[in-house]
Amino acid sequence: MLWFHLLSLQFQQKFYLRYLEQSRYGHLLKHCWDESFDTKNIKPSMRCDDVEFLVADLEMSSLDSREGEILSVGWVVIKNGKIQLSSAEHHLLKAKKTVGQSAVIHNLRDCELQQGKNIMFVVDRFLALAAGKVLVFHHSPLDMAYLNKASIELFSSPMLLPVVDTLEIEKQKVLRHKDQVEHGELRLAECRSRYNLPAYPAHNALMDALSAAELLLAQLDYKGRDVRLRDLF
Amino acid sequence: MSPELAAIHDFLSECLPFDQLPNSVMEQVVSDIEVSYHSKGSQFGKQDLEGGLRVVRSGAAELRCGKDLLLDRLAEGDSFNLMGLNVEQPGVKATLIEDALIYTLPEIPYQKLRSEYRAFDRFFSSQRSRRVRRAARHEPVPNDMMRPLSDLMSSVILSVEPSTTIQKTAALMSESRFSSILVMIDEGLVGIVTDRDIRSRAVAKGLSLDEPVTEIMTPDPLTLLPSCSVFDATLFMTQRGIHHIPIMEDKKVTGIITASDLMLARKDDPVFLVQHISRQTTIQELKKVVAAMPDLLVQWVNAGIRSHQLSHVLTALSDAVTVRLIELAIEEMGPAPVPFSWLGFGSQGRKEQLLGADQDNALLISDDMKPEHEQWFSQLATYVCDGLNECGYVYCPGDIMATNEKLRQPLREWLKTVERWMRSPTDRAVMEVSIFFDIRTIYGDNGLTKNLQTEMLKHTKTNSIFLAALAQNVLSTAPPMGIFRRFVVEQNGEHAHELNLKKRGVIPIIDIIRLHALAHGLFEVNTIDRLEALVECKALTIVDSRNIQDALQVLMQLRLVHQAEEIVKGQKPSNYVNPASLSKIVAKQLKDAFGIVKDAQQGVKLKYRPGLG
């Protein structure tokens, strides 16, 4: 139901447009909407090889977007069915609060985060790349909650961009064979090992983004040469 | 490159030939990489000829030409460039045999690396066999003792005609300050005269100095080839007590070498050891000399002596010990009642010994032997075999020793034994007797040995059942390579996770080459000599012969270097290595060497066991 997804996003965009236009940097998001909803760039019937994806991952200080903040972002671009390592980027963000116990997981310490970049800079860079591409996350609700929160703070509007979730694709695949998903079965590393993908060090935003990107390529390959964008939703 | 991509950087810098690139360049390489995923069964063929270097990050692939010809199996870390392969051999395709993640370095940056970094480029300039060859041919600075004589010999040749008087000859020699002179008719060598000959054969005997020089010359002197090593020449001189040797090639004298030339060339050389051995008067003293060998081995390996040279030297040492023991026995027991030949078999016979070799010997006695002589030979055998054991050449576990009555026989009995082997060549029996075909005289009458060997070869050449049984033995040990080109290691025991280089690599090659040599009736026993003779008689192509030589060289060298390391660590030298401990480039060479062994086995199967499975 990709067309419906896109349509509903466009409806919401219409609602938020007036807030966006009042916001100082709103044009950045507006440009991204224009590109991503242009059927030259994205339409449901496109072959996935022809679609450009921006695969991203965020490290946060909490699993709850109301209390946590983004600590780092990493992403890579998939173009012509290949991950372009030249597009790989990793950014640390300047944290407002201490990262506390979460440092154990993502290995980012307060002292490093003090050197981090301004959220505006990173979101600007992100939107410039996201324009005309489909966003990809492994378990997108969490990452999108943070991105939308940042977007609302900056532009008074959520991002409202098309998003593919590799975890969701994997879940559909597993549920086709059995009734329920087992605990841990959809974790990134678990999914990857089912496709004979190598083990990577986890919990670094860029390596996780690359891991998710490779997983997406594997999933696409398994769906066959002729897989269309709409088949991912 | 983002530092977060270190995992990819690390992976690539471990891969051949990226390991040859400087770190700063690797960062750019990582940024140029494109990652793609392909499920099992996908093919890269013509449509993918846009080029670029593909590195298998995970999974496995096969390179095939046409439908059937398998060129290579690629596993994690291996790379291929289809465009390049297709230039060499059109129609090469890569098929994934496992789901694979592929890193592609696009054609432009790939070509740029090749043009800028020679070491990187060399890896791709050709295919598998040539890769091994380069490894084998890459010899470090040659050791002094292994320099060819052509490096040292004097190529100014002083000669006289046979009719020249002694006086005139002596005048010519002192004029040119030469200690020897050749007697020649045109370009043909007739004899040699040295300072000493003039002294002892002319002056001391009051011979008229107007006599022709032919009266005092040594006729038909022994000669050497210019390719002989300093080691060979020194040994040759000390064993025969001569000091001047003409160097001949293609029936032409090209130079002359003297003992003093050789003195200049040697430093800490094994020749001293051989000489030293021949001066010892008790087994205890011999033992002391031999005990220094492990340390010397380490020194020689570090000095860059290659495996085939070193095994040659080690064999010369064990020969010297054997000879000295026989001489000591004769001093004690009196001279031999009838001529005999002390035979060395197996690695000693082939001149391929390394440290830790056991004894494989026998006595071949003249048919003039009478029953009462048996005791003399039995005592000789006991004396020598005990002495060898004492010196560290342990008793043969299979009792292939002269002390075994069955192996201490006159020629006619040996001939009967050979006939018996040939009559019922079961696979097992053939395996047991195969080392007897690597036969060499260590001491005594070489004519006896030649008689026996001639008879052996007469049988082997024509007995196809015997050859088929040998072939079965050759095929029974598969090279330790699993599917996906991973090493197959020992599963348990003292050497779990290790690889027996001797059993799995060296012995199979030796067996294959012995089989070919016996089938063609060749007298050579050294594996390299056999390989060269097989090319000569057109039984092997030059390419196959070289490939096998190189594979053998790689295996032997690895084994040797490893033994030297074990000695340094105070361990007993073994034939095992742990493949996980090898550098990528050595592991690659080893895989290629095993690949060549496998090909050679296929050849044996087709030739000697057609239709026998």
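Me: Before we start, what should I know about the numbering and the model?
Reply: Residues are numbered from 1 along each chain as its sequence is written, while chains are lettered from A and ligands numbered from 1 in the order in which they are written. The model is predicted, so local features need pLDDT of at least 70 and side-chain atom pairs count only at pLDDT 80 or more, while totals for chains, interfaces and linings use all residues.

Me: OK, how many helices and strands are in chain A?
Reply: Chain A has nine helices and five strands. Those are DSSP runs numbered from the N terminus: helices are H or I with at least four residues, strands are E with at least two.

Me: And in what order do the elements run?
Reply: From the N terminus, chain A goes α-α-β-β-β-α-α-α-β-α-β-α-α-α.

Me: How much of chain A is buried?
Reply: 38% of its 233 residues. Buried means 20 or more other C-beta atoms lie within 10 Å of the residue's own, with C-beta atoms placed from the backbone.

Me: Switching to chain B, what is the strand order in the open sheet?
Reply: That sheet has four strands in the order 17-16-15-18, with mixed pairing. Two strands pair if DSSP finds at least two bridges between them.

Me: Which ones are the edge strands?
Reply: Strand 17 (408-410) and strand 18 (440-444) of chain B, each pairing on one side only.

Me: How do strands 15 and 16 of chain B pair?
Reply: In chain B, strand 15 (residues 340-344) and strand 16 (residues 361-365) are antiparallel, over five bridges. One example is B:Ser341, whose bridge partner in strand 16 of chain B is B:Leu364.

Me: New topic: how many residues are in contact between the chains?
Reply: 20 residues of chain B are in contact with 24 of chain A. Contact means the C-beta atoms, placed from the backbone, lie within 7 Å.

Me: Which element of chain B gives the largest share of that side?
Reply: Strand 1 of chain B, with five residues. Helix 2 (23-32) and strand 3 (53-58) of chain B also give two or more residues each.

Me: What does strand 1 of chain B join up with?
Reply: Two bridges link strand 1 of chain B to strand 3 (residues 82-92) of chain A, and the two run antiparallel. There, A:Gln84 stands opposite B:Glu34.

Key
Buried ≥ 20, exposed ≤ 12 C-beta atoms within 10 Å, placed from the backbone. Contact = placed C-beta atoms within 7 Å.
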